[in-house]
Amino acid sequence: MDLLNTLVDKGLRRELPTREEALAVLATSDDDLLEVVAAAGKVRRQWFGRRVKLNYLVNLKSGLCPEDCSYCSQRLGSKAEILKYTWLKPDEASKAAAAGVAGGAKRVCLVASGRGPTDRDVDRVSETIEAIKEQNEGVEVCACLGLLSDGQADRLRSAGADAYNHNLNTSEGTYGDITTTHTYADRVETVHQAQAAGLSACSGLIAGMGESDADLVDVVFSLRELDPDSVPVNFLIPFEGTPLAKEWNLTPQRCLRILAMVRFVCPDVEVRLAGGREVHLRSVQPLALHLVNSIFLGDYLTSEGQAGQADLDMIADAGFEVEGAGTTTLPTHRAQPGGGYGSHDGGCAPCGEAPAEAEADPREAPAARTDLVAVRRRGAGTDLAPNA
């Protein structure tokens, strides 16, 4: 297929595909799916070999968020019966993080619900970061605390944070349909603050919220321009009690096409398979490892993932290996000044083009699988052992 040959060549050169090429990946047929996976897999192996980075989430503060993000079980007005608790103490969070590290996680992601942290919250998280670093040599720590105020990113960096996560989630054009209590521009500004403080930026998307192919291409092209080091790809978990509870729009094949498109647009970036993989990819999760080079181990913020050992078995059975603590995740050129995306790597001339509208997808919408959405009842904030 000429399209795939072109995309592989561009990916190996870190050159930006056109929007039409990205849309064409999403429009490929199920009959061509394995060819798409194989092509994107060549790009993945060029920059990351067969390594899989493991990440572990610790939900520092769960529920009761004042923001109205429609996809979130912790949102204002959510009726989802999730765990709700206030801030974990630093030693509690460190103990939870240690379980993930023992399971093979290289990075611990500290997440707290809310619009953004107060200065006291930053102090609290800083103490937690220091405790985790002291007890787990070599572990990376990423903070995800919402919108940052001036100076907060610098303080987190000084405390030992390696990265900061703040997702764009969806396209700028549709952002107001998903969230009204803050703006798309607010999110972009927080990522810029993290980068300016020397933190590794982590920013991704959520697929399956009813968006069009053009919306997906828009947000992934925006991420390419924003140039984070890691791009988490989440698939909507339609929690009962949230506005998007009825949005069951994804098939395993659709998820794989989305991941392939992200890999072609962001060839040398850590693409992370994040929330919703068990719900939507199900038995084809191993195929996704040919597209992504990073996953979350065990449970998520408010939902349960598959058993940590099952994740490790899946990686081994698919012929991949867990990335060790002594291995640098990103290719060498991305760690150098000017090593990210810019005019030197093919430029972003196509970014100004209006996205082509994809034809309506004739494939039938999948039946809702509410039985696959399991609310987290173990780990952080409970007396039960975590899944790692």
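Mentor: The discussion below treats salt bridges, then cysteines. This is a predicted model, in which local features need pLDDT of at least 70 and side-chain atom pairs count only at pLDDT 80 or more, while totals for chains, interfaces and linings use all residues. Residues are numbered from 1 along each chain as its sequence is written, and side-chain values use heavy atoms, with hydrogens and water left out.

Trainee: How many salt bridges does a search of the whole structure find?

Mentor: Side chains of opposite charge can pair when their charged atoms come close. A salt bridge is counted where a side-chain nitrogen of Lys or Arg lies within 4 Å of a carboxyl oxygen of Asp or Glu. Searching the whole structure in this way gives a total of 24.

Trainee: With which residue does Glu 15 form a salt bridge?

Mentor: Glu 15 is partly exposed, because its relative accessibility is 23% and the term covers values between buried (under 20% relative accessible area) and exposed (over 50%), with a 1.4 Å probe and protein chains only. The closest N and O atoms of the pair are 2.7 Å apart, and the partner is Arg 13.

Trainee: How many residues apart in sequence are the parts that Asp 218 and Arg 19 tie together?

Mentor: The side chains of Asp 218 and Arg 19 meet in a salt bridge of 2.8 Å, N to O. Asp 218 belongs to helix α9 (residues 213-226) and Arg 19 to helix α2 (residues 19-26), so the parts tied together are separated in sequence by 199 residues. Helices here are DSSP runs of H or I with at least four residues, strands are runs of E with at least two, and both are numbered from the N terminus.

Trainee: How many disulfides does the count give?

Mentor: A disulfide is a covalent bond between the sulfur atoms of two cysteines. The rule requires a pair of cysteine sulfur atoms within 2.5 Å. Cys 144 does not qualify, because the closest cysteine sulfur, in Cys 142, is 6.8 Å from its own, too far for a bond. The count of disulfides is zero.

Trainee: What is the relative accessible area of Cys 266?

Mentor: Cys 144 is buried, at 17%. Cys 266 is buried as well, and its relative accessible area is 2%.
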